[in-house]
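Work through the exercises below with the sequence and the model on screen. Try each task before reading its solution.

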Amino acid sequence: MSLAVSKANHEEMLALAFVAWPRYAIHEKQPQQPSSTPMTTSSSTTPPPAAQAPIAAPTFPPPQAAPKKMSTKFTDLLAFSGPAPERINGRLAMIGFVAAMGVELARGTDVAAQLADGGLPWFIGTSVVLSLASLIPLSKGISVESKSDGVMTSKAELWNGRFAMLGLVALVFTEFVKGGALV
């Protein structure tokens, strides 16, 4: 009796363990039809096969293809569809938008006046440092997607960069139309 109970409990525990993993699809097996020949066993404690509950069997997802090998050539990194241009421009736009708004709030000057008043060397220096910091890992074959997890994903960075580019253009255009600082 203990053998039959422990085997049934073991199978139920396995089935429950796979139910706990949401990424696995669970399909139930069809219950086995009782055979036409009677069971003759020495132990009468084993229930017939039809009386046992169907066991859930996990189906695993298909194996994923190996990640595409990234080229580390400088021309491929900076190509129009390469991994660097939009990411670098987005990072520069995020820093530029925050810096422009910060200086505008602190001094009350628009973006054009900020660049004319000594901001151009800061812009060029930041562009060079950020571009090098973005290109060095890419030239070693390290993709941005391999380092993204949680909330700070590579897609979130791209979208934040896109919005920062639009925000910086909108800020400059609004200041041009207004004829002065936004704030």
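Helices here are DSSP runs of H or I with at least four residues, numbered from the N terminus. The model is predicted.

**Exercise 1. The chain as a whole**

Task: State how many helices and strands the chain has, and in which pattern they follow along the sequence.

Solution. 
- Step 1. Count the elements: the chain holds 5 helices and 2 strands.
- Step 2. Look at the contacts with a separation of 6 or more: 73% of them come from residues 24 or more positions apart.

**Exercise 2. Helix H5**

Task: Find how far helix H5 reaches from its first C-alpha to its last, which of its residues are buried, and what they pack against.

Solution. 
- Step 1. Helix H5 covers residues 154-178, which is 25 residues.
- Step 2. From first to last C-alpha, H5 reaches 36 Å, close to the 36 Å expected at 1.5 Å a residue.
- Step 3. The buried residues of H5 are Ser154, Glu157, Gly161, Ala164, Gly167, Leu171 and Glu175.
- Step 4. An α-helix has 3.6 residues a turn, so residues three or four places apart point the same way.
- Step 5. The buried residues of H5 pack against H3 and H4.
- Step 6. Check what comes just after H5: Gly179 has a positive phi of about 90 degrees.

**Exercise 3. Helix H3**

Task: Describe helix H3 in the manner of the previous exercise: how far does it reach, and which of its residues are buried?

Solution. 
- Step 1. H3 has 23 residues and reaches 32 Å between its end C-alpha atoms, close to the 33 Å expected at 1.5 Å a residue.
- Step 2. Its buried residues are Arg87, Ile88, Gly90, Leu92, Ala93, Ala100, Met101 and Glu104.
- Step 3. These buried residues of H3 pack against H4 and H5.
- Step 4. H3 is followed by Gly108, with a positive phi near 80 degrees.

**Exercise 4. H3 against H4**

Task: Classify the packing of H3 with H4 from the angle and the distance between their axes.

Solution. 
- Step 1. Two packed helices are described by the angle between their axes and the distance between the axes.
- Step 2. Helix H3 (residues 85-107) and helix H4 (residues 111-139) pack at about 150 degrees, with their axes 10 Å apart.
- Step 3. Angles over 145 degrees count as roughly antiparallel, so H3 is roughly antiparallel to H4.
- Step 4. The crossing of H3 and H4 is right-handed.
- Step 5. On the H3 side the contact includes Ile88, Leu92, Ile95 and Ala99, and on the H4 side it includes Val111, Thr126, Leu130 and Leu135.
- Step 6. By class, the residues of the contact of H3 with H4 are 9 nonpolar, 5 polar and 4 charged.

**Exercise 5. H3 against H5**

Task: Classify the packing of H3 with H5 from the angle at which their axes cross.

Solution. 
- Step 1. The axes of H3 and H5 come within 7 Å and cross at roughly 45 degrees.
- Step 2. That angle makes H3 oblique to H5.
- Step 3. The crossing of H3 with H5 is left-handed.
- Step 4. Among the contact residues are Gly90, Met94, Phe97 and Met101 of H3, and Leu158, Gly161, Met165 and Leu168 of H5.
- Step 5. The contact of H3 with H5 divides into 10 nonpolar, 7 polar and 7 charged residues.

Methods: Residues numbered from 1 in each chain as written. Predicted model: local features only at pLDDT ≥ 70, side-chain atom pairs only at ≥ 80, totals over all residues. Heavy atoms only, no water. Axes fitted to C-alpha atoms, helices over the stretch in contact; angles between N-to-C directions. Parallel < 35°, antiparallel > 145°, perpendicular 65-115°, else oblique. Left-handed = near helix turned anticlockwise from the far one by under 90°. Contact = heavy atoms within 4.5 Å. Nonpolar A, V, L, I, M, F, W, Y, C, P; charged D, E, K, R; others polar. Expected span 1.5 Å × (residues − 1). Buried < 20%, exposed > 50% of the residue type's maximum accessible area, 1.4 Å probe, protein only.
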